[in-house]
Amino acid sequence: RCRVSTVDSRALDEIKIGGMGASRRRVEDDRFIRGKGNYIDDVVLPGMLHMEILRSPLAHARIKSIDTSKAYAIPGVRLVLTGEMMATRNLAWMPTLSYDTQAVLATDKVRFQGQEVACVIADDPYLAKDGCEAIVVDYEPLPPIVNPEQALAEGSPLIRDDKENQRDNVAFDWEVGDRDGTDRAFAQADLVSEIDLHYPRSHPSPLECCGSIADFNRSTSKLTVYLTSQAPHIVRAAVSLIAELPEHMIRIISPDLGGGFGNKVPVYPGYVVSILASILLETPVKWIEDRSGNLISTGFGRDVYLHGELALRKDGRILGVRMNTVSDHGAFFADAQPSKFKIGLMHSAFACYDVPYAHLSARGVYTNKAPGGVAYRCSFRVTEAMFFQERMVQAAADDLGMDQAEFRRVNFVRDDDFPHRTPYGFLTDSGQYGKCLDVALEAVGYEDFLRQQQQARQEGRLLGIGISTMTEPLGAGNSREYDILGIKMFDSAELRVHMTGRAILRTGARTQGQGHETTWAQIVAHELGLPSADVVVEEGDTDTAPFGMGTYASRSTPVAGAAVAMAARKVRAKSRKLAAHLLEVSEEDLEWELGRFYVRSAPERGVSIQECAMAAYSNMPDGLEPGLEATAFYDPPNLTWPFAAYVCTVEIDPQTGVWDVLNFVAVDDCGVRINPMIVEGQIMGGLTEAYAMANMQFITFDSEGNCVGSNFMDYLLPTAWETPGYELHEVVTPCPHHPIGAKGVGECATVGGPAAFVNAVVNAVGEAQVRNIDMPVLPDRVYQAITQRCNVS
Ligand code: MCN
Ligand code: CUM
C-alpha cells in the first residue's frame with residue numbers, strides 16, 4: 001500500500017527502490033512467519049547443559065539454611081549453585097543500571113515472591129527442575145510489604161537491610177522544576193484542580209520469555225553468550241564489570257527476539273548464573289525462563305501513584321503544575337534509565353502545553369515485589385507522565401466547565417513558538433499540535449458526537465468521548481545529558497558496500513520486532529539510491545556490530561537511524577571522488593540524483609552508485625584509499641518530539657458496566673516516515689497495548705505478597721476478538737535536527753493511548769458523577785461508578 005500523497009517523480013523513484021516513504025514489506029517476516037526465525041531456544045550447542053531456577057515462594061523471609069544434598073543425589077544433576085557459593089566468588093550481588101545493587105541468588109533474605117534462590121544445572125531441563133524441587137530451604141517468614149503506604153509507614157520492617165546506610169524503605173527522593181515559581185502560580189490561581197491517580201503495575205509479556213546460553217571456552221578464554229537482550233553492548237559491559245572478564249573476551253549474541261517491549265533491557269540473575277556455571281563446568285549452559293517465571297520476576301512496568309494539581313485561570317489557561325509521585329520499585333531499584341533522572345522522564349509531562357511553572361517531587365520506595373518499573377513501551381516512564389497529564393487535563397477542563405478540546409487548544413504551544421522550553425526544562429523543537437487535534441476531531445465527528453451523546457443520555461444510554469494529546473521525548477540521548485551508568489547515549493552504524501554494489505549494514509541497536517532489517521535498508525536506499533533489497537541489515541552481535549546503546553525508549557530511529565544516514569553520506573562523499581575520477585571531471589562539477597552522479601553541464605554523462613562501488617575496488621584514483629565502507633557515530637543534539645492526538649468514543653452498558661469502543665481515531669506526527677506501513681503497525685500494536693492496560697491488565701499482590709497474575713489466565717493479553725479497530729491519520733512535521741527529519745514512534749501509542757480510553761469511560765459515566773476510575777477500567781469498577789458516585793480503584 002503506497003501512502004505517498006505528493007506523487008512527485010522523486011517520491012516515485014524512492015518507491016521503486018524501496019527507499020524513504022515506501023511501505024516496503026518487512027523482510028524479516030518471511031522467516032518469522034514460516035517458523036524459520038532463530039530464537040534463543042532454537043540455539044543448541046554441543047554438550048549443552050540446562051539450568052533451572054529455584055524461586056522463593058515467600059515475599060519476605062530470612063533464609064536459615066539451604067540443603068542441596070537431595071538435588072545432587074539425582075543422576076544427571078551436575079551443579080547446584082546457591083547465594084553462598086556465588087558469594088565466594090563475589091557474585092551474590094550485582095550492580096543494577098540505576099546505581100543500586102540486586103541479589104543474584106539470595107543469601108540473607110528473600111525480598112519478593114519469585115526471587116532467585118538457587119540454580120540447578122543438569123543434563124536436561126526436566127532433571128534440572130527435579131533438582132530444584134529437591135532443594136530444601138528453611139525460611140523464617142518476615143512481614144511482607146506490598147505497597148508504598150506500608151513501606152513508608154512508621155516502624156515498617158526494613159527491606160534493604162543489606163545496605164549499610166539504609167534506614168527506611170525509601171529508594172530515592174528526587175525533585176525537578178521551580179518550586180517557588182510554582183507556589184507563586186498557585187497563589188494567583190482562580191481555581192486549583194486536584195486529582196489522585198494510580199498507574200498500576202503491568203507487564204510487557206513478550207511472546208518469547210528471557211533466556212541465555214553461556215559458552216565459556218577455556219582454551220581461548222572466550223566467553224560467548226547468546227542472550228535475549230535489547231541492548232547487547234550494555235550487557236557486554238555489565239558482564240565485564242560483574243564477572244571481571246576483559247571485554248574483548250566477551251561476545252554477546254542477541255539472536256532473533258520474540259518481542260521485548262522493555263522486558264529485555266535489564267541484566268537478570270539467570271544470565272549471570274548461567275555464565276558462572278559455564279565457566280565452572282567448561283561447557284555451554286542454557287537457561288530458558290518459563291512464563292510464570294517471567295511474569296513474577298522480570299522487569300515490569302509502571303506502579304506509580306500521583307497527586308496532581310493544576311493552577312488555573314478562569315479563561316482556561318494553566319498557570320502552574322504540581323506533581324507528586326510515589327513509585328513502587330519492588331525490592332531492588334533496577335530500572336534502566338538515564339543516570340541523572342531517578343524517575344525517568346516523568347518530567348516530560350505538560351511538554352505540549354504552554355505552562356510557565358511546574359514542580360515535580362518523586363519518591364521511590366522499596367517493597368516486597370519484583371524489581372523493574374521501566375518497561376512495557378514506556379520510554380523511561382513517559383507513559384505515566386502522559387497518562388497523568390491527560391487525566392489531569394480532563395479533570396481540570398471539567399472543573400472549569402470548559403470543553404475538553406477547547407481547553408487543550410487554549411493551552412497548546414503554538415506552531416510558531418518553537419524552540420519551546422517546557423515547564424520542566426526540556427527543549428521541544430517542532431510540532432503542529434492544533435492541526436493534529438483538528439484532524440482527529442474532524443475524523444471522529446466531534447460536534448456531532450456531542451449532540452448524539454446528549455440525545456443518548458435522555459434515553460438512558462451512556463456514550464463518552466475521551467481525548468489524549470501529547471508530545472513525548474523519544475530517542476535518548478545527546479551525550480551531555482543522557483548516560484546509563486556513565487556510558488553516554490550515542491549510537492553508531494557501519495556500512496560496507498561491496499564491489500557489486502550490494503551492501504551490509506550493522507548498527508548497535510537491536511530490533512525485537514520493530515522491523516529494523518527493513519527500515520535501515522530503506523534509509524541507505526534513500527541516501528545512496530541502492531535498491532533496499534541490495535542492503536542486508538545485521539544487529540545483535542557485539543563482535544561484529546559497532547558499539548551502540550541498544551533499542552529502547554524508541555531511540556533507534558532518532559539515534560541509530562541517524563547514524564545509518566550519516567554512514568551512508570560518508571559513502572556517498574567517497575563515491576563522489578570515485579565518480580569524478582571515472583568521469584574525468586572535478587568533484588565540484590558533479591550533481592547527485594538518486595543513485596547517480598552526473599556532470600552538471602552534460603547531464604547525460606553520469607555514473608551509477610554501483611559503478612562507483614566497482615571502481616572503489618578496481619579503478620580508484622591515485623591517493624584514494626580503496627574500498628567503500630564507513631562508520632558513523634551519532635550523538636543527537638536533542639531528543640525527538642513526536643506528537644499524537646488520540647480520540648476515543650465508547651458506550652457503556654449501564655446494566656453491567658461493560659464498555660465498548662465505538663470509534664478510535666489516532667493522528668500521529670512522527671516527522672518523516674521511513675516506512676508508513678511499519679509506522680502504522682507500531683501505532684496499532686501500541687494502541688492495542690494501551691487498550692489492554694486500560695481495560696484488562698494488572699498484576700496485583702495479596703497481603704502476603706503473593707503475585708496474583710502470574711499466568712495468562714489471570715493476566716490477560718488482548719486477542720483479535722477484544723481489540724477495537726483504529727482509524728489512523730498522519731501529520732508530518734519533520735524533525736529539524738534529524739538527518740532525515742524522522743522522529744521516534746515505537747512507543748507513542750502505548751504512551752498516549754491509555755488516557756484516551758479512560759477519559760472516554762469517565763466521560764461516559766459523567767464527570768459530575770465520578771472523578772476517576774483507576775486502570776484497568778473493569779466492568780465492576782464502572783458499574784460501581786455508575787451506581788455509587790465515587791472514585792473507584
Ligand atoms: N519508523 C519509521 N519512521 C519513523 C519512525 C520510525 O519508519 N519516523 C520505523 C523504524 O524504522 C522502526 C520502527 O518504526 O522500524 C520503530 O522505530 P522507533 O520509533 O525508532 O523505535 P525503536 O526501533 O527504537 O523500537 C523501540 C520501541 C520500544 S522502546 C518498545 S518497548 C517496543 C516498540 O518499539 N517494543 C516492541 N515496538 C515494538 N514492536 C514490536 N513488534 N516488538 C517490540 O518488542
Ligand atoms: Cu520502556 S520499554 Mo522500551 O523503552 O524498551
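**Entry 1: a strand pair**

In which sense do strand β3 (residues 77-82) and β7 pair, and over how many bridges? I looked this up and found that the two strands pair in the antiparallel sense, over 5 bridges; two strands count as paired if DSSP finds at least two bridges between them. Helices (H or I, at least four residues) and strands (E, at least two) are DSSP runs, numbered from the N terminus. Within this pair, the bridge partner of Leu81 is Cys119 in β7.

I note that this is a predicted model, in which local features need pLDDT of at least 70 and side-chain atom pairs count only at pLDDT 80 or more, while totals for chains, interfaces and linings use all residues. Residues are numbered from 1 along each chain as its sequence is written, and chains are lettered from A and ligands numbered from 1 in the order in which they are written.

**Entry 2: the sheet around β7**

I then turned to the other partner of interest, strand β1 (residues 49-55), which pairs with β7 in the antiparallel sense over 6 bridges, with Arg55 standing opposite Glu116 in β7. Strand β7 (residues 116-122) is mostly covered, since 7 of its 7 residues are buried; a residue is buried if 20 or more other C-beta atoms lie within 10 Å of its own, exposed if 12 or fewer, and partly exposed in between, with C-beta atoms placed from the backbone.

Strand β11 (residues 211-217) and strand β12 (residues 222-227) run antiparallel and are joined by 6 bridges. I noted that Ile213 stands opposite Tyr226 in β12, and that Asn217 stands opposite Lys222 in β12. The hairpin of β11 and β12 has 4 residues between the strands, and Ser221 takes a positive phi near 65° there.

I found β12 mostly covered, with 5 of its 6 residues buried.

**Entry 3: a helix on the sheet**

**Entry 4: Thr107**

Is Thr107 buried or partly exposed? Thr107 is partly exposed, because 19 other C-beta atoms lie within 10 Å. Its place is in the loop between β5 (101-103) and β6 (109-110). Leaving aside neighbours within four places in sequence, I found Thr107 in contact with Gly83, Glu84, Ala87 and Ala92.

**Entry 5: domains**

The protein chain is divided into domain 1 (40-142 + 209-256 + 264-297), domain 2 (300-476 + 638-788) and domain 3 (491-634), and these bounds come from an automatic or database domain assignment. The C-alpha centres of domain 1 and domain 2 lie 37 Å apart, and the contact takes 18 residues from domain 1 and 21 residues from domain 2. Helix α10 (residues 291-297) gives the most to the side of domain 1 that touches domain 2, with 5 residues.

**Entry 6: the ligands**

Which residues come nearest to ligand 1? Of the 36 residues around ligand 1, I listed Gly513, Thr519, Ser556, Thr557 and Gly746 as nearest; a residue is near a molecule or strand if its C-beta atom, placed from the backbone, lies within 6 Å of it. The shell around ligand 1 draws at least three residues from each of domain 2 and domain 3, and α18 gives the most to this shell, with 4 residues.

Around ligand 2 there are 13 residues, of which Gly262, Ala375, Cys378, Tyr552 and Ala553 come nearest.

Note on methods
Two residues are in contact if their C-beta atoms, placed from the backbone, lie within 7 Å.
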